[in-house]
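Here are my notes from going through the model, point by point. Have it open next to you as you read.

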Amino acid sequence: MIRPLLICCLLAVAVWQITAATGVHAKAWLGQVLLERAWSRSLASEQPVAPWPDAISYPVARLQVPALEIDHLVLKGADTPVLAWGPGMEVGPSGHRIIAAHRDTHFRFLDRLNEGERVQLDLVGGDIEHWRVVDQRVVDARITDINLAASGDQMTWVTCWPLDAIEAGGPFRLLVTLSKTIKPDQRTQLVISNSTGVMP
Amino acid sequence: MFIFRCFLMTLMVLAVQRAGFAQDQDPGQAMLWLDTGQDRVSTMAMVTDIDIEVTGMLAHTIIRQQFLNDSPDWAEGRYVFPLPDDVAVESLSVVVGNRIIEGEIQERQQARITYETARAEGRVASLIEQERANLFSTSIANIAPGEVVEVQIGYRQRIDYSHGEFRLRFPLSIAPPYIPGASTPTEQGSPQDGGGWAENTRQVPDASRITPELVGPLESTNPIALRVALTTGIPLAMLESSHHLIDKRYDRGSWRVTLDGASANPHKDFELVWRPARHEHVESTVFLQRLGNQDHALLMLIPPEQFAAFQTRREVTLIIDTSGSMQGESIEQAKDALLFALDSLAAQDRFNLIEFNNAANALFTAPVDASSANLRQARDFVSRLQADGGTEMLQPLSQAMRQGVTAGYLPQIVFVTDGQVGNTAEIINRVRETIGDSRLFTVGIGHGVNSQFMSDLARFGRGSTVLIADLWQVQMRMSELVAELTSPVLHDIELHWPNDVEVVPEVMPDLYTGQPLLVAARGDRISGDLLVTGLSDGQPWQQVIPLETFLTAPGVVAYWGRQAIQRELDRAGYETTEDEARQRIIDLAIDYQLLSPYTSLVAVDKTPKRSRDAALQRQDVPGFLADNGQGRGAVLARAMPATDAGSFERLIRALLALVLVALMILHPIVSRDGGSEPSI
């Protein structure tokens, strides 16, 4: 009987694919949980700490988008094995930060991101940076590269586009550009001093 | 950009009305209008580049202009540009940043929808629309603040030929149009307000859409570069520019002409004139271009500058409209025109004269020799004519076409009328069915003449049309027509192609001095010898053109496409239904990427650019390197990381497998139920 055999094969394929798909999400979730421990230890020691023995990377920053309730730990490096566990960051010689993440896991939220959105980036040394989304655009990865040497006032997020594509491996990338802003408390002061200034 | 403007303006001038004086505007250049939603600002092109390719008598022009959105807001840009009367816009591309957005031909309604949708989605899009027969506007949606937009428009046109000279004109400046009528003020920012300097008027309800601001001569300092590649196919005796200093050189069969942009005076039209080397008889040349797996050929026959056909025997039938609408000055003009035509008859010719109002009344029952006695009788007949009664046009035309042709004579019908009839379609159809070998020339009299009808009649009758608006023009216009009637350079032309080809026009016209003849053909493979035969001054004439010496040239394919569209338009409602014709025209227009009455040109970027309500000022983004390496300052290129874990794809595959399993389990149950049915 061929039919039961076929059914068995198809079921096996289905199980395999579901496992693989959930595996991606499980790894992404598990990664963040495991990283949390390493992160708190590295904050205490002000040194990067590997999350587990033989780990290929370690957390270097915490990325938060308060309005969207997003909180991700960012790993060092943006190669494919790293990205399975969490967003990966590379830093250029002048400080240009590039964060890449998978469109179906950690950067899924980019479709809800608006221009002007505030973003907070906590670094290993304890510094807290404030950023603001200034541009979103889609480019063709076959003809466009990222300039690592751009200025340190700039941060770029990269993920695959379209966010809900069925097929993997398309040539398009969504690029989100953020620029560094002053801290909220300084900002408030500026507004106040401006309103007491000379108005026409 | 100047050129563009110029074009625009020329268009406007042609389109609106020439009468009257410009209203507080000097000639200058058109502007791009930027509409940011709150207000409108205008901006000049920073760079204008013009490339013109001439093949025989066909010119293909590409105008490239760059505009800067120097406002702090996102904007929709719109500019209006005039093009010469007979051009066909056929390509459009918009370059924004480092992306090129190619226009595609779409069905007209669809093009609008595509543009509107793209605009609403915040994508870059561009649309060319026709405001007048020769006035176009281009809209560009979603230009970012500080962004440079480059617009390229390509169009085709025929080169003017007169007195043995070819003439290519490119208007570098444009005069503002005269807007007649009482103004009907519109609220600023309302849909009716086009933003131009003129207010809408009763006569020109869209005046504000077609009157962009102009830059005065002193302000227009932006550079223009103009290049012409000229492939004539025949040796030239002269090539020069009428108003500008040019640089020209000959390179592999074509002339390269450049205009020095820095020194060019943009307020004089660019005019390039060339004259073929002197020839006594017909010159012929063939161009070839391949599209897909089909060859397209263009045959050009160039008449000598002067030609006298002493041996051509003609049989001329003059028809005059003496209906009530011809009363007054019209009938006097018509009589003058007839007398002029009678004077042109030579002793070897034959002629007849028919007048008509409610009924047709012929002077002779059949054409007679042009003897002095017969001519005297004809002149008396003409001088007694009076305008009165109705307009029964079919009867005299049928009579003239039916009366039979004497062998060895070239049959010509000269039809003098004001064209004031209702049943034009019926008359045109009758002419198409029964014209046979006769040539039909139409003479339109007076100001209210139906010129479209007159030229359609002449086209189907392989003749030409002249319009005489005032009495003083009779002499001039009729001498032109008589010159044509008496001296056909080549008639009864036949083309013998070595291969199976589809030829446009289907019926070969005659060749006259003053206008070269173009014939286009399409076939799977065109090679061998083309034999052209005809009659010239009473003698058989023939020429063999080896097709291996084809000059490969751009523009041939597009010319064939346009002629084929014209053929389908002519067939509509006659050999084909309107729907069939419409479908065939859309197919042709899309295959050949041409604008037609049913298609438009639209360009849309495929990537989202911004959300509609985001009015954020976009900053220059040094982080991206497009095209691998056009950098500013330090550059350290890094390829984009792979950012797709592929979980969606896997889930879909799993789902697919489960659905198949479900189908396989359910299928036997379903078929067993089905199988039990017959036993019931």
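1. Where is Arg462(B) found in chain B? Arg462(B) sits in the loop between α7 (451-460) and β26 (465-468) of chain B; helices are DSSP runs of H or I with at least four residues, strands are E runs of at least two, and both are numbered from the N terminus. Although not a glycine, Arg462(B) has a positive phi of about 55°. Arg462(B) is also buried, at 15% relative accessible area (buried is under 20%, exposed over 50%, partly exposed in between, with a 1.4 Å probe and protein chains only).

2. Before going further, the ground rules. This is a predicted model, in which local features need pLDDT of at least 70 and side-chain atom pairs count only at pLDDT 80 or more, while totals for chains, interfaces and linings use all residues. Residues are numbered from 1 along each chain as its sequence is written, chains are lettered from A and ligands numbered from 1 in the order in which they are written, and side-chain values use heavy atoms, with hydrogens and water left out.

3. Asp537(B) is not a glycine, yet its phi is positive, at about 50°. You will find Asp537(B) in the loop between β31 (529-536) and β32 (539-546) of chain B, and its 17% relative accessibility makes it buried.

4. Then there is a cis peptide bond to check. It runs from Val504(B) to Pro505(B), with omega near -5°. Pro505(B) belongs to the loop between β28 (502-504) and β29 (511-512) of chain B.

5. Next, a helix pair. The axes of α5 (residues 394-402) and α6 (residues 424-434), both in chain B, come within 11 Å and cross at roughly 5°; axes here are lines fitted to C-alpha atoms, for helices over the stretch in contact, and angles run from 0 to 180 degrees between N-to-C directions. So α5(B) and α6(B) are roughly parallel to each other (under 35 degrees; over 145 is roughly antiparallel, 65 to 115 roughly perpendicular and the rest oblique).

6. What does α5(B) bring to α6(B)? Leu394(B), Leu397(B), Ser398(B) and Met401(B) meet Glu426(B), Ile427(B), Arg430(B), Val431(B) and Thr434(B) of α6(B), a contact being heavy atoms within 4.5 Å. By class that gives five nonpolar, two polar and two charged residues (nonpolar is Ala, Val, Leu, Ile, Met, Phe, Trp, Tyr, Cys and Pro; charged is Asp, Glu, Lys and Arg; the others, Gly among them, are polar).

7. Asn293(B), in the loop between β18 (283-291) and β19 (294-302) of chain B, is exposed at 58% relative accessible area. Its C-alpha is 6.5 Å from that of Asp524(B), 231 residues apart along the chain. Gly328(B), in the loop between β20 (314-321) and α3 (329-343) of chain B, is partly exposed at 47%. From Gly328(B) to Gln386(B) it is 58 residues in sequence and 9.5 Å from C-alpha to C-alpha.

8. On cysteines: how many disulfides are there over all chains? The count is zero, where a disulfide is a pair of cysteine sulfur atoms within 2.5 Å. The sulfur of Cys8(A) has its closest cysteine sulfur in Cys9(A), 7.1 Å away and too far for a bond. Cys160(A) is buried, at 4% relative accessible area.

9. Finally, chain B overall. Chain B has eleven helices and 36 strands, and 52% of its 680 residues are buried.
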